[in-house]
Amino acid sequence: MRREVPLVLTAIVGLTMIVSHFIPPFNILKDLFEDWFFIIAAFAIYLGVLNLLRVNADKLYKKKPDAPFGLVVILGFLLITIPGLFFSGGRSFSDPGTPFYYLYIHVYYPLSATMFALLAFFVASASYRAFRARNVEATMLLVAAFILMLGRVPIGDWMTAWLPEGYRLGEWADWIMDFPQTAGQKAIMIGIALGVVSSALRVILGLERAYMGGE
Amino acid sequence: MSGEVVGVWIGAILTLGIFSFLYKDNPFYKFSEALFVGVSAGYWFVVTFWQYFLPKLIDNLALAYTVLAVEGRIDYHWVYILGGGLGILMLLRLFPSVGWLSRWSLAFIVGTTAGLQFTRYLESNGIIQVKGTILPLIVGGDLNTTIGNIVIVVGTFCGLIYFFFSKEHRGAFGGAARIGVWFLMITFGALFGYTVMSRMSLLIGRMDYLFSNWLHLIG
Amino acid sequence: MPEEEMRRIQPKFFRSRSALAWLIFPLVLLLSLAPLSSEAQETPGAEIDSVRQAEAMSPAPPDNVQAEDNPNDKGGIINISWERSADDGAGVNNVIGYEILRSAEMDGIYEHIGGAAPGATFFSDSDVKNKVNYFYKVRAISRLDTSESLPSAAAFSRVQLFDLSRLTLFILAVIIALAIFYFISKARGGKELYIRKIAGLEAVDDAVGRATEMGRKIFYIPGIMDMDSMQTIAGVTILGRVAKLVAEYEAKLEVPVSRSLVMVTCREMVKEAYLNAGRPDAYNDNMVYYLTDDQFGYAAALDGLFLREKPAAVFLQGQFYAESLILAETANSVGAIQIAGTAMPSQLPFFVAACDYTLIGEELFAASAYLSKDPKLLGSLKGQDVGKFIFLLVILVGVVFLTLNSVLDINLPNLATIF
Amino acid sequence: MNQENMQEEKSFWEKLLAIDRRIIFLFIIVAIALPLFFKVSMRIPVTPVAEGTYQAIENLPAGSKVLASFDYDPGSMPELQPMAEAFFRHAFRNDLKVVIMGLWPQGPLQANIALEEVFQDEDVKAKNLQYGVDYVNLGFTAGNEVVIDRMGHSFEESYPRDGQGTPLSEIPLMRGVRNYDNVDLIFNLSAGYPGTQEWVQYAVDVFHVKLAAGNTAVQAPAMYPYVQTGQLSGVLGGMKGGAEYETLLGIPGRAVRYMFSQAIAHAVICLFIIIGNLAFFSMRKRRAS
């Protein structure tokens with residue numbers, strides 16, 4: 001039961017999805033499975049949330065050193081869920097003017113945006129200390145990166161103003177993006193496509209069970 | 001109005017809290033980060049409740065129930081009970097003794113995506129890309145297109161050869177693989193440039209927030 | 001206010017203001033949903049009626065209305081096409097939209113089933129019963145008046161058993177699937193399947209050797225994702241090889257990880273490698289340890305470790321995100337040899353620029369298949385190569401045909417349209 | 001003498017490379033913050049792929065319906081929000097009807113934020129736009145690419161109600177909109193998965209609907225093959241893409257204003273790489289000799 005049922009389920013659902021793509025009447029079954037998928041997907045989100053709360057409650061309970069931050073996580077969760085569920089006008093909870101919207105704009109948005117903005121600093125220091133033209137490949141990479149970084153902003157055109165119009169750095173950048181870059185992306189894309197096809201096949205046929213938490 | 005001002009102050013303080021990590025790891029950063037984790041989990045929770053559970057699960061079951069009560073027949077919408085059941089199994093992962101049951105719902109998710117991806121990747125990222133690479137290498141009277149086509153065809157072809165593992169990279173085959181690597185490197189260079197661009201944009205957004213919205217230094 | 005307007009048209013029950021109300025009044029919910037089960041009749045073109053005036057000039061009617069079954073589906077859809085009204089696009093009678101009307105009889109009552117923007121010549125009716133005849137009319141609407149086309153011929157939708165438009169996809173899917181099975185069973189039967197040399201793997205010996213000479217540690221980072229990621233699995237497989245070399249050279253290995261499940265698996269892997277190298281005594285569980293699940297927390301912790309221990313070699317093999325930069329930079333600044341590998345396209349550029357060797361994308365999987373000799377991985381890799389071979393062949397032949405066509409002015413088939 | 005010089009040079013480069021990371025951080029802050037205070041008007045060259053997205057929208061006749069999927073969160077706001085605002089200005093200027101949705105839970109709210117901004121414009125105010133008639137926000141639904149797949153049969157199955165809880169059948173704009181056949185274009189703003197790639201795979205290639213997109217710069221290069229094959233009309237790449245859109249539209253906004261900072265930041269990064277490599281090579285030469 002523990003192993004067989006999930007393997008059989010995966011096989012049935014996966015094959016239905018594939019077969020329905022070629023044999024239209026199977027779409028009826030596919031639609032049914034998709035309906036269930038939607039509901040499970042939402043529960044999966046809840047699972048993640050509940051798991052997070054439990055881990056942090058555990059920190060508090062066991063008085064781990066970072067317990068205060070576990071408390072902050074839980075309080076942060078309540079900070080937005082209580083207004084969002086009870087005091088933000090029900091289904092129109094995300095309209096401008098609701099408490100939920102206020103928290104989104106003034107707490108969630110600055111935090112989320114700033115977390116990602118940190119990366120700018122790390123890119124800068126890695127540029128200074130780690131990115132080296134250590135071999136032919138890395139050199140080509142850096143040269144292409146230079147042309148794009150400068151060509152995508154007016155500095156590039158300004159630096160190459162002595163070249164005739166149509167041959168300045170901005171145009172080089174366009175050309176690289178439209179042709180060699182596109183070609184390279186295509187090769188990567190086709191390779192990944194075949195990789196996805198083979199791993200999907202292994203999953204559906206039960207050869208790959210890593211998703212169930214190891215063999 | 002004053003609510004807005006308070007809000008911007010809160011936002012600015014939290015922004016500085018995250019940035020303080022750049023100096024070094026510290027409790028102010030840890031607080032902001034923990035708050036972020038909690039608030040974002042809460043955000044998902046609320047949105048999923050209002051825009052998901054209510055309209056898709058509860059409403060559908062309510063509809064099925066109403067049809068049963070009013071017209072006395074069993075409606076298609078009852079299938080949502082099974083979906084809901086599988087969903088609840090998912091939550092059982094939280095309890096170690098019955099956690100294995102969550103594999104049933106997981107199997108459902110994995111099977112659906114694997115089945116859909118199988119055909120979608122093969123077609124959109126495989127066949128259609130291959131079709132798009134079938135271009136004439138010489139286009140009369142149009143040098144730009146001719147060069148462009150040659151670059152696309154040669155680049156894609158050689159790039160694929162590099163990812164071909166059944167043959168040793170020697171001779172002409174090795175040469176093609178070598179050209180393939182160059183194309184890959186130019187592609188990575190482009191990605192590099194664009195990633196730097198992306199990261200800088202994000203920082204510009206935050207700086208502008210601090211100087212315009214908070215300090216009003218920029219009009 | 002738009003919001004108020006929406007509220008007005010909502011059924012009473014949906015106006016409730018908070019979740020609390022929902023939870024307290026589930027019965028109210030059930031009862032007020034009742035009207036939804038019988039679909040309300042739509043009033044055709046209500047908002048268009050308001051702009052209509054009595055003494056208007058009619059726009060030219062749409063012409064040549066055709067209705068036919070949507071091909072290659074499970075039925076339930078009829079496609080309607082028409083020629084635009086002569087007044088569509090300009091003039092006083094400029095058409096501002098089309099209405100699509102439907103009836104079960106040619107001379108019956110036609111009901112509004114949908115609308116289309118000016119310039120449109122196509123509508124798809126997906127609310128039909130299979131094998132039932134329908135007739136369609138299209139009505140052109142100007143600001144002042146409307147005019148209807150003649151009805152279409154009868155059309156009905158039906159189920160098709162096979163989607164012929166997807167034949168190529170089907171054949172290719174079958175070929176690749178069969179190739180994968182064939183090679184997996186071959187590998188299971190003990191046949192050696194050839195895989196080309198992978199530069200990054202060759203460099204592992206040098207890196208481990210150098211660490212031994214310098215007497216410094218080797219760090220192995222198997223990415224930040226859990227064991228359900230194929231990349232993590234590949235990373236852990238490669239760890240097996242590295243650990244075996246380390247055991248043979250008597251160097252020192254540390255594997256700090258960010259997932260507890262990964263820790264357990266890595267311990268197994270390293271232990272087995274030490275056993276195979278004939279040095280089980282040299283292994284202890286503390287070589288593999290858990291730091292934290294948190295992305296930046298993990299990066300910061302590794303940062304500290306690298307700076308303190310100054311490792312001679314760092315392996316970054318698995319699934320990485322933004323932290324790749326921080327790791328590669330710090331390891332580089334302490335002078336470590338770095339061998340990276342990931343299938344994350346957005347992180348590969350940074351690894352190539354900052355590390356000495358990088359396994360690019362599929363090379364990571366190929367390396368792990370090669371090292372683990374796992375039949376399913378080897379078989380898949382070979383099956384994918386068959387797919388690549390077909391693609392390469394199609395590109396080659398297709399390009400040659402098209403080029404010959406353009407140079408010699410002949411008419412060879414265009415594979416792009418056939419394939 | 002020469003020997004001494006070498007010695008000095010070595011210590012110079014080594015010292016230079018070993019400076020505290022925080023000094024580099026400071027450089028970046030200055031490089032980005034300072035230019036914000038100057039109003040420099042710069043010519044924004046337009047890339048062909050951005051033009052593709054603009055034209056796809058521009059060529060729609062008035063009254064056409066655009067399905068706009070907002071698949072991003074505030075983390076990518078500086079890159080995608082200018083595009084969102086420009087898109088709404090563009091759509092409303094050309095009298096297009098907009099159906100908003102999101103595969104990311106934060107997306108529909110980002111759309112509301114952009115709408116709030118755009119509704120301040122006098123031109124837009126004058127149009128007296130009505131919710132439910134001129135635009136509608138369907139909200140978020142869970143299920144990633146499966147949602148896209150399912151919407152090919154029926155929007156209502158994925159979105160029984162809009163973001164405010166109104167059943168779709170009661171929204172005037174949604175009347176006659178059953179699936180992709182009844183929309184004229186999909187416009188997608190995407191910061192990752194699920195996003196533009198999934199829209200191409202599950203909507204464009206199966207249901208043959210037109211798609212135009214705006215992406216974060218990290219993602220944009222991977223979309224070029226789709227543009228080359230025509231699966232995608234065009235793609236706006238990052239903040240620069242937003243600035244290009246604003247330029248094409250003739251309404252310069254935030255993205256254009258930020259371009260000076262962006263330019264200086266790129267220059268500084270290039271400079272860092274050059275200094276780093278000079279140091280690397282001179283130190284390697286020294287080690288070799």
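Chain C has a mean pLDDT of 82, and 87% of its residues reach 70 or more. This is a predicted model, in which local features need pLDDT of at least 70, side-chain atom pairs count only at pLDDT 80 or more, and totals for chains, interfaces and linings use all residues. Residues are numbered from 1 along each chain as its sequence is written, while chains are lettered from A and ligands numbered from 1 in the order in which they are written.

Now select residues 1–56 of chain C, where pLDDT stays under 50. For this stretch the model has 69 contacts beyond four places in sequence; two residues are in contact if their C-beta atoms, placed from the backbone, lie within 7 Å. Where pLDDT is low, the predicted coordinates should not be read in detail. For the model as a whole, the scores are ipTM 0.91 and pTM 0.87.

**Chains A and B**

Show chains A and B together. Here 101 residues of chain A are in contact with 100 residues of chain B. Several helices of chain A each supply at least two residues to this side, among them H1 (4–22), H2 (27–61) and H7 (169–204). Helices (H or I, at least four residues) and strands (E, at least two) are DSSP runs, numbered from the N terminus. Which helix gives the most to the side of chain A that touches chain B? It is H7(A), with 24 residues. The residues on this side of chain A comprise 78 nonpolar, 16 polar and seven charged. In this count Ala, Val, Leu, Ile, Met, Phe, Trp, Tyr, Cys and Pro are nonpolar, Asp, Glu, Lys and Arg are charged, and the others, Gly among them, are polar.

**Helix H5 of chain A**

Next select H5 (136–151) of chain A. H5(A) has 16 residues, of which 12 are buried. A residue is buried if 20 or more other C-beta atoms lie within 10 Å of its own, exposed if 12 or fewer, and partly exposed in between, with C-beta atoms placed from the backbone. The buried residues of H5(A) include Ala138(A), Leu142(A), Phe146(A) and Gly151(A). Display what covers them: this includes H6 (154–159) and H7 of chain A, H6 (171–214) of chain B, H11 (348–354) of chain C and H12 (254–288) of chain D.

**Strands of chain C**

Return to chain C and select S1, S2 and S5, an open sheet with the order S1-S2-S5 and antiparallel pairing. S1 (63–69) and S5 (122–125) of chain C stand at the edges, each with a single partner strand, so one side of each has no neighbour in the sheet. Two strands pair if DSSP finds at least two bridges between them. S1(C) is joined to S2 (residues 78–83) of chain C by five bridges, and Ala67(C) stands opposite Ile80(C) in S2(C).

Move on to S6 (residues 135–142) of chain C, where eight of eight residues are buried. Both faces of S6(C) are covered, with Phe135(C) among the buried residues on one side and Tyr136(C) among those on the other. In a regular strand the side chains alternate between the two faces of the sheet. S6(C) pairs with S3 (residues 95–103) of chain C in the antiparallel sense over eight bridges, and with S7 (residues 146–148) of chain C, also antiparallel, over three bridges. Select Arg139(C): it is the bridge partner of Glu99(C) and stands opposite Glu148(C) in S7(C). S6(C) and S7(C) form a hairpin with three residues between them.

**Loop residues**

Select Gly119(C), in the loop between S4 (111–116) and S5 of chain C. Gly119(C) is partly exposed, with 18 other C-beta atoms within 10 Å. Beyond its neighbours within four places in sequence, Gly119(C) is in contact with Arg84(C), Asp88(C) and Pro61(D).

The last stops concern backbone geometry. Most residues other than glycine have a negative phi, and most peptide bonds are trans. Between Tyr193(D) and Pro194(D) the peptide bond is cis, with omega near -10 degrees. Lys63(A) is not a glycine, yet has a positive phi of about 50 degrees; Lys63(A) lies in the loop between H2 and H3 of chain A. Finally, select Glu250(C), which has a positive phi of about 60 degrees although it is not a glycine. Is Glu250(C) buried or exposed? With 10 C-beta neighbours inside 10 Å, Glu250(C) counts as exposed.

Note on methods:
pLDDT = per-residue confidence, 0-100.
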